Amino acid sequence: MKSLPNILSCLRIILSVTLLFLCQSSFFFFIVYLLCGLSDVVDGYLARLLNAETILGSKLDSLGDFVFYIVWVFVMVQMASNEIMFQLGLCFMTILIMRLGNLLVTKMKFRQWSIIHTFGNKGTGVCLFLFLPAVILLGNIPSWTIFILFAVAMLATIEETILLWRLTAYNPNIKSLLFWKDNVDYSNKNNL
């Protein structure tokens with residue numbers, strides 16, 4: 001039972017890749033897309049509920065998010081016009097470079113690959129998750145929505161960068177820079 005959150009994270013990885021083969025079928029695409037989103041929410045909830053939070057689980061969740069959003073970008077590329085594609089591409093590359101920088105800092109400073117699960121990162125995930133179905137249903141991508149997505153993602157990335165530079169011990173579950181305190185012992189799970 002305690003391995004269920006990790007199984008859900010692995011399932012999200014498989015389902016995300018499956019989306020690539022369902023782009024032509026709206027019904028099945030939306031079903032699998034919804035399952036990806038639900039598994040992302042449920043795996044963390046179950047891990048906390050079952051007291052089954054692990055380093056492996058955190059890494060699987062981050063990997064699941066990464067694979068899902070790589071697939072998300074691929075699907076968006078299939079749907080976007082050239083003008084929108086340029087805007088999306090520029091925004092995506094800027095965020096990607098900064099995120100890769102954060103991963104490198106995490107690896108060099110804390111000797112691991114991981115992403116901090118801040119409210120900002122979760123909010124970015126929700127915005128991205130809702131964006132694709134809206135585009136499919138509406139049939140176009142208004143430029144202002146790309147700006148909002150970029151702003152949310154950029155703020156979350158900057159927050160994660162600041163946290164990484166300030167942390168002395170790694171904790172993927174810091175919720176926000178606003179709630180972070182220098183004197184918290186992150187090795188003690190009860191402080192989280």
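Colleague: In which loop is the place of arginine 111?

Modeller: Arginine 111 sits in the loop between helix H4 (82-110) and H5. Helices (H or I, at least four residues) and strands (E, at least two) are DSSP runs, numbered from the N terminus. Please note that this is a predicted model, in which local features need pLDDT of at least 70 and side-chain atom pairs count only at pLDDT 80 or more, while totals for chains, interfaces and linings use all residues. Residues are numbered from 1 along each chain as its sequence is written, and side-chain values use heavy atoms, with hydrogens and water left out.

Colleague: Is arginine 111 buried or exposed?

Modeller: Arginine 111 is exposed, because its relative accessible area is 67%. Buried means under 20% relative accessible area, exposed means over 50%, and partly exposed lies in between (1.4 Å probe, protein chains only). Arginine 111 also has a positive phi of about 60°, although it is not a glycine.

Colleague: Which residue takes a positive phi just after H2?

Modeller: That residue is asparagine 51, with a phi of about 55°. Asparagine 51 is not a glycine either, and its place is the loop between H2 and H3. With a relative accessible area of 52%, asparagine 51 is exposed.

Colleague: Let us turn to the helices. How far apart are the end C-alpha atoms of H1?

Modeller: The end C-alpha atoms of helix H1 (residues 4-19) are 22 Å apart, which agrees with the 22 Å that its 16 residues should span at 1.5 Å a residue. The expected span of a helix is 1.5 Å times one less than its number of residues.

Colleague: And what do the buried residues of H1 pack against?

Modeller: They pack against helix H2 (26-49) and H3. The buried residues of H1 include Leu8, Arg12, Ile13 and Leu15.

Colleague: What does serine 39 touch?

Modeller: Leaving out residues up to four places away in sequence, serine 39 touches Leu8 and Arg12; contact means heavy atoms within 4.5 Å. Serine 39 is buried, with a relative accessible area of 5%.

Colleague: What does lysine 122 touch?

Modeller: Lysine 122, also found in helix H5, touches His117 and Lys175 when residues up to four places away in sequence are not counted. Lysine 122 counts as partly exposed at 39% relative accessibility.

Colleague: New topic: how many aromatic pairs does the structure hold?

Modeller: The structure holds nine aromatic pairs. The ring centres of phenylalanine 29 and phenylalanine 30 are 6.1 Å apart and the ring planes stand at 80°, so this pair is edge-to-face. Rings of Phe, Tyr and Trp (its six-membered ring) pair if their centres lie within 6.5 Å; planes under 30 degrees apart count as stacked, over 60 as edge-to-face and the rest as tilted.

Colleague: How do the two count by accessibility, starting with phenylalanine 29?

Modeller: Phenylalanine 29 counts as buried at 4% relative accessibility, whereas phenylalanine 30 counts as partly exposed at 24%. Both belong to one aromatic cluster that also includes Tyr33, Phe68, Tyr69 and Phe129.

Colleague: Finally, which residues line the second largest pocket?

Modeller: The lining consists of Lys59, Ser62, Leu63, Phe66, Leu103, Trp113, Ser114 and Ile115. On a 1 Å grid over the protein atoms alone, a pocket is an open set of points where a 1.4 Å probe fits, with protein on both sides within 12 Å along at least five of seven lines; lining residues have an atom within 4 Å of a point.

Colleague: Which helix gives the most to that lining?

Modeller: Helix H3 (residues 55-79) gives the most, with four residues. About 160 Å³ of space lies in this pocket, where a volume is the space filled by probe spheres set on the grid points, which are joined across faces, edges and corners.
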